[in-house]
Amino acid sequence: MIPPHSGENRPVLWFFGTGRFAARIFSVLSREISFDLVVTSPPSVGGRGLKELPSPVEEACGELGITPLRSESVGKDEILLSALRETPPLAILVADFGQKIPEPFLSAPAGGCLNIHPSLLPLYRGAAPVQRSLLNGDPVTGVTLFRLIERMDAGPILLQEEYVPGETETAGEVLDILAEKGSKLFLLGVKCFIEGTCSFKEQNSESATYAPKISNKEAQVSWNAPAARIVRAVRAFNPAPGAFLFTGSKRLKIWSAKTSPLSGAPGEVLAFDEGFPVVGTAEGAIILLTVQPEGKRRLDGAEWARGLHLKKGDFLH
């Protein structure tokens with residue numbers, strides 16, 4: 001059942017979101033404001049027994065006693081379209097939703113559909129901006145609040161904030177921080193709509209870059225790559241899909257690693273740093289801090305090396 005209005009002297013706001021980034025934003029904003037309607041994608045099916053897996057946003061709603069509306073296609077959802085005609089909200093916040101937002105949702109709200117995108121648009125338009133930025137070794141990233149238009153991530157910008165990631169921060173950690181920063185930008189955006197002081201700036205599309213979705217194949221790393229490149233990949237692919245390589249016929253995921261000043265043959269165990277194996281690459285070496293052998297739990301690198309009786313001069317191929 002969709003409430004036709006808030007019933008209070010406050011703006012009517014809707015939230016469309018599905019994934020982990022959206023769930024983080026929803027949880028942060030729910031401390032400050034109430035959404036009159038929350039829409040998420042239907043559960044996926046997976047895991048043992050092929051159970052229904054609710055979206056992260058639905059799980060976040062459950063913790064707050066909120067029942068979201070599940071919609072497979074908002075553009076064809078008559079319940080939503082009817083609610084939009086009867087009581088259009090001031091704005092719809094769309095984050096990590098997984099569906100393209102069509103008309104009339106783009107134009108019916110006075111403030112339109114606002115999106116929190118974890119990059120400094122027009123840089124890194126697309127599905128994996130933080131992962132691509134970490135892979136490229138960018139010193140600065142950020143978050144943008146902008147208005148959705150038909151073209152992907154190309155709408156006018158309302159607010160933007162830079163962020164300098166720490167040297168060891170993973171994509172998941174950076175996304176959590178940008179979700180918090182983006183939520184604060186959204187609150188400022190609502191305030192400026194109420195006060196009538198919003199000022200949008202068109203993006204310079206000639207400067208746009210793109211961040212396509214990460215494939216599982218991309219997450220495979222090689223000792224024949226430079227050490228710095230491998231460490232960036234480990235950070236970018238954590239928590240998903242996880243950087244990996246093969247030792248023999250078994251997959252080994254690397255969850256955390258750092259560079260070492262040593263050098264040697266790619267894949268060769270060069271030394272141990274407080275028990276953690278130091279492995280040669282094409283340029284430099286890396287220290288394996290946290291790994292996960294195929295079919296097993298995560299281990300710190302020292303425990304894993306002891307279990308395998310690794311010694312200097314062994315090769316991890």
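How many residues of the lining of the second largest pocket are nonpolar, polar and charged? I opened my notebook with that one.

**Ground rules.** I am working with a predicted model, where local features need pLDDT of at least 70, side-chain atom pairs count only at pLDDT 80 or more, and totals for chains, interfaces and linings use all residues. Residues are numbered from 1 along each chain as its sequence is written, and side-chain values use heavy atoms, without hydrogens and water.

**Second largest pocket.** I found ten nonpolar, seven polar and five charged residues in this lining. (Ala, Val, Leu, Ile, Met, Phe, Trp, Tyr, Cys and Pro count as nonpolar, Asp, Glu, Lys and Arg as charged, and the others, Gly among them, as polar.) The volume is about 390 Å³. Among the 22 lining residues, Gly-166, Glu-167, Thr-168, Val-231 and Arg-235 lie nearest the centre. A pocket here is an open set of points on a 1 Å grid over the protein atoms alone, where a 1.4 Å probe fits, with protein on both sides within 12 Å along at least five of seven lines; lining residues have an atom within 4 Å of a point. Volume is the space filled by probe spheres set on the points, which are joined across faces, edges and corners.

**Helix H4.** H4, H6 and strand S11 (250-260) each give at least two residues to that lining; helices (H or I, at least four residues) and strands (E, at least two) are DSSP runs, numbered from the N terminus. I then noted that H4 (residues 129-136) is largely enclosed by the rest of the structure, because seven of its eight residues are buried (under 20% relative accessible area, 1.4 Å probe, protein chains only).

Terms used
Buried means under 20% relative accessible area, exposed over 50%, partly exposed in between (1.4 Å probe, protein chains only).
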